[in-house]
Amino acid sequence: MNIAVFASGRGTNLQAIIDAVNRGEIKAVISLVISDRSDAKALDRAKKAGIETAYINPRDFSSREEFDKQAINYLEKNNVGLVVLAGFMRLLSPYFVNRYRNRIMNIHPSLLPAFKGTSGIKDAWKYGVKITGPTVHFINEDLDAGPIILQKPVMIDQSDTLESLEEKIHRAEHQIYPEAVKLFVEGRLSVEGRMVKIRG
Ligand code: GRF
């Protein structure tokens, strides 16, 4: 199976998935990394790993859907079976979501449905929760709302700071995201309504 990763930033989750592929844990090929930012560190990581990259400049397109159609051109050319969003800071259009339904994953840094949005770690920290952690989910039309694949609890200790919590959450992300991709590639995930069933 061919995988495409969409990333706008540092790409540490991309790196964790590249590493899992290289270790032979995920039996698939990352054939493409797409970014909406030319300066994304994720693009450097992809190039270093010998993966094709594409920078798509949002300013070149009149609408979200037009941008997404350009991304779909790349996906079709590469015969992509799974789209992995890893710190991709754009909403996908309903057109894209529908086209790749239950074949687009995202990682969010809080235990959904709590603390949706772009500052999931900080919001949980400020709220004072004692347990938080990342969620891997399929994408649907609503923000951070698709069927949940995996979650990993992270305890917030008295001694934690926002920075140490961020580190813990990223460590947890780097465990569950490759795991979720592996489950998908092995055909072990099925979606029934909001429920994601994991076989085996
Ligand atoms: C992660 O914290 C993820 O939960 C969120 O964006 C961040 C991406 O980090 N969606 P990186 O670019 O993979 O390092």
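Student: What separation do the C-alpha centres of domain 1 and domain 2 have?

Tutor: In this predicted model, the C-alpha centres of the two domains lie 20 Å apart. The contact between them takes 19 residues from domain 1 and 13 residues from domain 2. Domain 1 covers residues 1–100, while domain 2 is assigned as 107–135 + 143–200.

Student: What makes the link between the side chains of threonine 12 and histidine 174 a polar contact?

Tutor: The distance between the two side chains is 2.9 Å, and the cut-off for a pair of N or O atoms is 3.5 Å. The value falls within that cut-off, so the pair qualifies as a polar contact. Leaving out residues up to four places away in sequence, threonine 12 touches Arg45 and His174.

Student: Which residues are around the ligand?

Tutor: They are Arg10, Gly11, Thr12, Asn13, Gly87, Ile107, His108, Pro109, His170 and Glu173.

Student: What distances separate oxygen atoms of the ligand from polar side-chain atoms of arginine 10, threonine 12 and glutamate 173?

Tutor: For arginine 10, the distance from a polar side-chain atom to a ligand oxygen is 3.0 Å. A side-chain N or O atom of threonine 12 is 2.5 Å from an oxygen atom of the ligand. For glutamate 173, the corresponding distance is 2.4 Å. As for cover, the ligand taken alone exposes 370 Å², and the protein buries 85% of that.

Student: How do you know that the buried residues of α2 line one face of the helix?

Tutor: In α2, residues 41–48, the buried residues are Ala42, Leu43, Arg45 and Ala46. Viewed down the axis of α2, these residues fall within an arc of 160°, so they line one face. In general, an α-helix has 3.6 residues a turn, so residues three or four places apart point the same way.

Student: What does the buried side of α2 pack against, and which exposed residues does the face turned away from it carry?

Tutor: The buried residues of α2 pack against α1 (12–22), β2 (29–35) and β3 (52–55). The face turned away from the buried side carries Lys47 and Lys48, which are exposed. After α2 comes glycine 50, with a positive phi near 75°.

Student: Why are asparagine 79 and asparagine 102 put in their accessibility classes?

Tutor: Asparagine 79 has 60% relative accessibility. Exposed means over 50%, so asparagine 79 counts as exposed. Asparagine 102 has a relative accessible area of 28%. That value lies between the limits of 20% and 50%, so asparagine 102 is partly exposed.

Student: What are the phi values of asparagine 79 and asparagine 102, and where do these residues lie?

Tutor: Asparagine 79 is not a glycine, yet has a positive phi of about 50°; its place is the loop between α3 (64–77) and β4 (80–85). Asparagine 102, also not a glycine, has a positive phi of about 60° and lies in the loop between α4 (94–99) and β5.

Student: What kind of peptide bond joins leucine 112 and proline 113?

Tutor: The bond is cis, with omega about 15°. Proline 113 lies in the loop between β5 (104–108) and α5 (120–127).

Definitions and conventions. Residues numbered from 1 in each chain as written. Predicted model: local features only at pLDDT ≥ 70, side-chain atom pairs only at ≥ 80, totals over all residues. Heavy atoms only, no water. Buried < 20%, exposed > 50% of the residue type's maximum accessible area, 1.4 Å probe, protein only. Helix = DSSP H or I, 4+ residues; strand = E, 2+ residues; numbered from the N terminus. Arc of directions from axis to C-beta. Contact = heavy atoms within 4.5 Å. Near = heavy atom within 4 Å. Polar contact = N/O pair within 3.5 Å; in protein donor to acceptor, adjacent residues only side chain to side chain. Areas by Shrake-Rupley, 256 points an atom, 1.4 Å probe, with all protein chains shown as cover. Domains from an automatic or database assignment.
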